[in-house]
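Welcome, and thanks for taking a look at this one with me. Below are some numbered points to read alongside the model.

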Amino acid sequence: MTLNELKRGDSAVVLRTDVPSPIRERLRSLNVYPNAKITVVKVSPMKKTYLLQAGNSQVAMRREIAAMIRVFRT
């Protein structure tokens with residue numbers, strides 16, 4: 001399952017990030033990396049943007065990037 005399949009309020013553990021290296025490094029600095037727990041705080045009406053809680057950080061992410069992050073729903 002990918003992150004963009006989650007709904008508001010869902011929690012998951014990141015399994016893998018299949019994104020280019022610069023984006024992967026940025027996500028890591030925002031606490032989105034393998035084995036990290038994330039929660040979907042909000043999803044925009046057209047599902048174009050996701051607001052996530054990752055550790056102490058809130059991260060806004062586009063659907064295209066969210067589709068490249070594999071997660072396991074908890």
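Predicted model: local features only at pLDDT ≥ 70, side-chain atom pairs only at ≥ 80, totals over all residues.

**Notes for a first look**

1. Within the pair, Leu51 has Ala60 of S4 as its bridge partner. The two strands make a hairpin with 2 residues between them, and Gly55 in that turn has a positive phi of about 65°.

2. Stay with S4, residues 57-62, for a moment, and look at its two faces. Ser57, Val59 and Met61 make up the covered face, while Gln58, Ala60 and Arg62 make up the uncovered one. In a regular strand, side chains alternate between the two faces of the sheet. Ala60, the bridge partner of Leu51, belongs to the uncovered set.

3. Now step back to the whole chain. It holds 2 helices and 5 strands, and from the N terminus on the order of elements is β-α-β-β-β-α-β.

4. Which strands does S1 pair with? S1, residues 11-17, pairs with S2, residues 37-43, in the antiparallel sense over 3 bridges. For landmarks, find Ser11 opposite Thr39 in S2, and Val13 opposite Phe72 in S5.

5. Is Asp10 buried or exposed? This residue lies in the segment before S1. Asp10 is buried, because its relative accessible area is 17%, and the cut-off for buried is under 20%. Leaving aside neighbours within four places in sequence, Asp10 is in contact with Ile38, Thr39, Val40 and Arg73. Of these, Thr39 is also the residue that stands opposite Ser11. For a sense of distance, Asp10 and Pro20 are 10 residues apart in sequence and 25 Å apart in space, C-alpha to C-alpha.

6. Asn35, in the loop between helix H1 (21-29) and S2, has a positive phi of about 75° although it is not a glycine. Lys47, in the loop between S2 and strand S3 (49-54), has a positive phi of about 55° and is not a glycine either. As for cover, Asn35 counts as exposed because its relative accessibility is 67%, whereas Lys47, with a relative accessible area of 44%, is partly exposed.

7. How do the overall dimensions come out? The C-alpha trace spans about 30 × 25 × 20 Å along its principal axes. With 74 residues, a compact globule would have a radius of gyration near 11 Å, and the chain has 11 Å, so the two agree. Of the 74 residues, 34% count as buried. Among contacts between residues at least 6 apart in sequence, 61% join residues at least 24 apart.

8. Finally, the surface and the charges. The chain exposes about 4700 Å², and carbon and sulfur atoms supply 51% of that area. There are 14 positive and 5 negative side chains, and the centres of the two sets lie 5 Å apart.

Technical notes: Residues numbered from 1 in each chain as written. Heavy atoms only, no water. Pairing = 2+ DSSP bridges. Helix = DSSP H or I, 4+ residues; strand = E, 2+ residues; numbered from the N terminus. Buried < 20%, exposed > 50% of the residue type's maximum accessible area, 1.4 Å probe, protein only. Contact = heavy atoms within 4.5 Å. Rg over C-alpha atoms; globule rule 2.2 N^0.38 Å. Areas by Shrake-Rupley, 256 points an atom, 1.4 Å probe, with all protein chains shown as cover. Lys, Arg positive; Asp, Glu negative; His and termini not counted. Charge placed at Lys NZ, Arg CZ, Asp CG, Glu CD.
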